[in-house]
Every structure is written in C-alpha cells, then in structure tokens.
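The following explanation is intended for a reader who is meeting this structure for the first time. Please keep the sequence and the model in view while reading.

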Amino acid sequence: MLTMSSSLTVKFSGIDFSKYSSHINEFVNEFSSRANKSGQFLNWVNLPSEQLKRVDEIYSLASKLKSATGASRLSILGIGGSKHTVEHMLSINGLNVNRTDIEFYSDIDSSSFSRFLYRLGNDVTSSNYLIASKSGSTFETKDGMLRIWDMLIEAYKSQGKSEEEAKSLANKHFIAVTDGNSEKSELRRTSDANGWLGKLYIHDDVGGRFSAFDDHALFALAYAGMSKEDMITMLKAAQSVSSESLSSEWDSNIALQEGIFWADAKSKGIDASVHQYMGAIFENTVYWHAQMQNESVKDTLKQVAKVPDAMHHSAEAHFNPDNKLVFALTVPSDNGVCRENSDSYIDALSKSYSVTGSFFLETVETKGMGLTPESAGRLTQLRAFATVYQEIVTRIMNGQSFPEVLDSVLQPHVEFYKKNLKGGVVVPGRISH
C-alpha cells in the first residue's frame with residue numbers, strides 16, 4: 001500500500017488495514033472531539049496556523065537580540081522538548097551543519113559546563129542566550145542560566161564597567177521562552193524585572209515534545225538564518241497535515257495509518273519495534289523521536305536510531321528470526337551523486353525488513369543539506385499525530401474506556417525524581433566555588 005503527498009510518501013507492507021476500516025470515523029472523531037480544547041494538551045494541532053500570525057514578530061526579535069549585543073551566536077538553555085525539538089528542526093532544515101550559530105547547554109555537571117564554555121571560546125559575551133522553560137523553574141535550566149548570568153556580569157565588570165552597568169549589559173544577552181503569565185512562571189517574572197528583550201511563549205496545552213512549532217524552535221530557526229518565506233511554507237505544510245489527520249479520508253490520513261501500524265504490532269504481542277532514520281539530516285531527530293516514545297507511548301522497548309551508523313551493530317539482532325519485530329525506515333529522497341548506491345541500500349533494507357516483519361518505508365523530499373520546508377513541516381506534525389493515534393486506536397480496538405485526558409499527552413511519572421530533587425539536597429542554580 002502506497003500513500004503519497006507532494007513531499008512525503010509512505011509504503012506499507014505486512015499489515016492488513018481492512019480490519020480497521022470500519023472504525024476510521026471512531027478514531028478520527030475521538031481525536032477531533034479533543035483537539036484544541038482547553039486542558040486536553042492538544043493545542044499543537046492548530047499551533048502552526050497560529051504561529052503564521054507571529055512570523056514577523058519572531059524575526060524582528062531575533063534581529064533585535066543580535067543588534068543589542070553584537071553577538072551572532074545563540075546558546076539555548078533548556079531540556080527535553082525545549083531542546084530536542086529545536087535540535088530536530090535545525091537539523092532537518094540543514095541549519096546545524098557548522099554548529100557556529102546555535103549552541104546548546106542542558107547539563108548539570110562541571111565537565112559539561114566547561115565543554116560548553118570552551119565552545120564559546122571561554123567568552124560568555126560572545127553569545128546571546130535563549131532560556132526555555134514553561135514554568136521557569138526547571139532545575140537544570142535555571143542552574144545554567146544563573147551561572148552564565150553571574151559570569152556575564154563579572155566579564156563586563158572586568159572591562160571596567162560599574163556593577164549597575166555590568167548588570168544592564170548582561171541582561172541584554174537574554175531572551176525568555178516561557179509561560180505568558182508571570183504568576184505561573186518564575187522565568188517570566190525574571191524577564192520582566194530585568195528588562196529582557198521581548199515576549200516569546202510556550203503556549204498553553206502544548207507539551208514539550210509536541211512543541212516543534214512553538215516560539216523556541218521558530219526563534220532558533222530565524223536566528224540561524226532560515227528565510228521567512230521558508231518558515232511560512234513549513235508552517236502551512238504542518239497545518240495541512242493537521243487538516244488531513246482529522247479527516248476520515250483514508251488515503252490522505254497518513255498519521256492514522258502510521259498510528260494503526262504501531263498499534264497493530266502491539267495487539268499481536270510484538271513489544272519491540274524499530275524506527276530508523278537514514279542520514280545526517282536526522283541525527284537529532286532520533287533524540288526527539290525517542291523522547292516522544294518514552295513520554296507519550298511510554299515505550300522503553302522501541303529502538304530509534306540513525307542508519308547506516310546503527311546497521312553494523314543492530315542488523316544481527318534485527319534479522320535474527322528468533323526476534324519478532326516491526327520496522328519503519330525514514331529516508332531522504334536522493335537526487336545527488338550518491339543516488340545509485342543510496343537507492344540500492346534502501347532497497348536492500350526494505351526487502352529485508354519486509355521479510356522479517358511488518359514494515360513501512362517513509363520517503364521525504366530534500367533540498368540542499370536538509371529537507372524541503374514543506375517536507376520538514378509535514379514530517380514533524382505527522383509524528384505528533386501518529387503518536388496520539390496509537391493510543392486512540394489501541395483503546396477503541398480493545399474496547400477500553402478513555403481517560404479525561406489522553407495518556408499520550410501527559411507525563412505524570414516525571415515528577416517522581418523532581419520530588420526527590422526538591423528535598424533540600426541541592427539548590428537550583430547554586431554557584432559552586
């Protein structure tokens with residue numbers, strides 16, 4: 001079975017979709033009844049169309065931040081969805097190749113902090129800083145922010161600036177992406193109190209792993225040089241996926257098909273599954289997709305990896321007939337000098353996976369060193385929809401009742417370690433000497 005769009009095609013094998021055909025309206029109606037409703041954490045469904053209204057503002061803020069300090073580099077401090085979505089978006093759009101415009105810091109240990117500073121030439125004034133946290137009190141992010149803030153002040157004081165002047169100059173390096181309500185966000189209060197530039201938001205009811213079109217990602221793309229025209233094309237393509245994914249038109253609803261694919265494997269008792277991405281374009285996509293699996297499907301058995309890097313060590317297990325697996329392979333269309341060998345490689349993997357288990361091949365259109373803006377938008381929104389559809393399909397086919405809010409958009413268990421973290425053993429942002 002081959003399903004196509006203008007920039008993304010999916011070819012399935014080894015799965016019988018017919019037993020699901022009479023339930024298509026149920027699947028779609030369940031999703032539609034929740035989409036964009038307050039408290040359902042599905043506001044990402046129409047987020048691309050909402051962000052189209054803010055493109056000019058986001059590009060203006062990126063330009064103003066560069067002008068305020070003269071620093072061309074942006075360092076992003078955030079964890080989870082505040083980092084992985086941005087890494088993914090930069091990578092698939094071919095904007096992270098040199099790694100000179102955008103840096104990331106999301107660690108908590110001294111060696112990692114030293115490595116980050118080294119990449120800045122041990123000069124914190126050489127970078128601006130985007131601080132991303134919905135609550136504004138994320139331990140890891142706040143720790144890094146306070147260290148850098150302190151170092152910026154000291155760096156300007158060493159240039160002969162007064163304490164007040166140094167603090168003023170340090171504040172010009174920061175922009176916050178957080179909740180719009182200062183009562184909810186400590187970071188918003190910090191930004192307002194210190195006169196940080198502008199207002200960037202993490203929108204309500206948009207979980208971190210679903211936030212690839214939220215302000216932190218779009219701001220980073222604008223800062224890294226994505227054209228405004230390409231961003232608009234990407235957002236429109238993503239919104240078109242939302243329309244298709246809430247439609248009962250089977251042939252165009254790729255997200256539902258992929259959701260059924262993964263749910264079908266689980267129903268057959270296949271716990272382990274594999275989704276591989278081919279090529280450097282997707283080096284950071286695998287981290288984002290793994291986060292999606294761990295937090296939404298809550299599946300620790302799914303393997304998400306980049307090939308061909310992963311093939312030499314995973315092939316033995318994948319093609320061992322004692323292991324029951326299902327497979328997916330996402331590949332860039334290749335029209336360049338490597339096309340002949342690339343196509344042969346994809347064909348070999350496709351044939352092997354098809355014999356071993358159920359399989360789908362997903363092919364996305366490329367442009368230069370990344371995907372086309374259209375395929376970048378479509379692929380990203382497709383992942384979010386397919387993930388949620390997996391839960392909906394499973395519940396309906398098993399006759400299970402639905403919770404008030406879908407499990408796939410919540411993450412209640414992450415609070416387990418946070419409760420221990422708040423036990424007074426450590427202090428967020430403490431500067432060790």
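The model is a predicted one. Helix 5 comprises residues 110-119, and its buried residues are Ser112, Phe113, Phe116 and Leu117. Viewed down the axis of helix 5, these buried residues fall within an arc of 140°, and they therefore line one face of the helix. The face turned away from that buried side carries the exposed residues Ser110, Ser111, Arg115 and Tyr118. Among the elements that cover the buried residues of helix 5 are strand 3 (73-77), strand 4 (102-105), strand 5 (127-132) and helix 6 (139-157). Just after helix 5, Gly121 adopts a positive phi of about 70°.

Attention now passes to helix 10. This helix, residues 228-245, contains 18 residues and reaches 26 Å from its first C-alpha to its last, close to the 26 Å expected at 1.5 Å a residue. Its buried residues include Met231, Met234, Leu235, Ala237 and Val241. The buried residues of helix 10 pack against helix 2 (47-52), helix 3 (55-69), helix 4 (81-92), helix 9 (215-224), helix 11 (254-267) and helix 15 (373-397).

How is such packing described? Two packed helices are described by the angle between their axes and the distance between the axes. The axes of helix 10 and helix 15 come within 7 Å and cross at roughly 35°, and this crossing is right-handed. Residues of helix 10 including Met234, Ala238 and Glu244 meet residues of helix 15, among them Arg378, Leu382 and Phe385. The residues of this contact divide into nine nonpolar, six polar and four charged.

Note on methods: Residues are numbered from 1 along each chain as its sequence is written. This is a predicted model: local features need pLDDT of at least 70, side-chain atom pairs count only at pLDDT 80 or more; totals for chains, interfaces and linings use all residues. Side-chain values use heavy atoms; hydrogens and water are left out. Buried means under 20% relative accessible area, exposed over 50%, partly exposed in between (1.4 Å probe, protein chains only). Helices (H or I, at least four residues) and strands (E, at least two) are DSSP runs, numbered from the N terminus. The arc is that of the directions from the helix axis to the C-beta atoms. Contact means heavy atoms within 4.5 Å. The expected span of a helix is 1.5 Å times one less than its number of residues. Axes are lines fitted to C-alpha atoms, for helices over the stretch in contact, and angles run from 0 to 180 degrees between N-to-C directions. A crossing is left-handed if the near helix is turned anticlockwise from the far one by less than a right angle, and right-handed if clockwise. Ala, Val, Leu, Ile, Met, Phe, Trp, Tyr, Cys and Pro count as nonpolar, Asp, Glu, Lys and Arg as charged, and the others, Gly among them, as polar.
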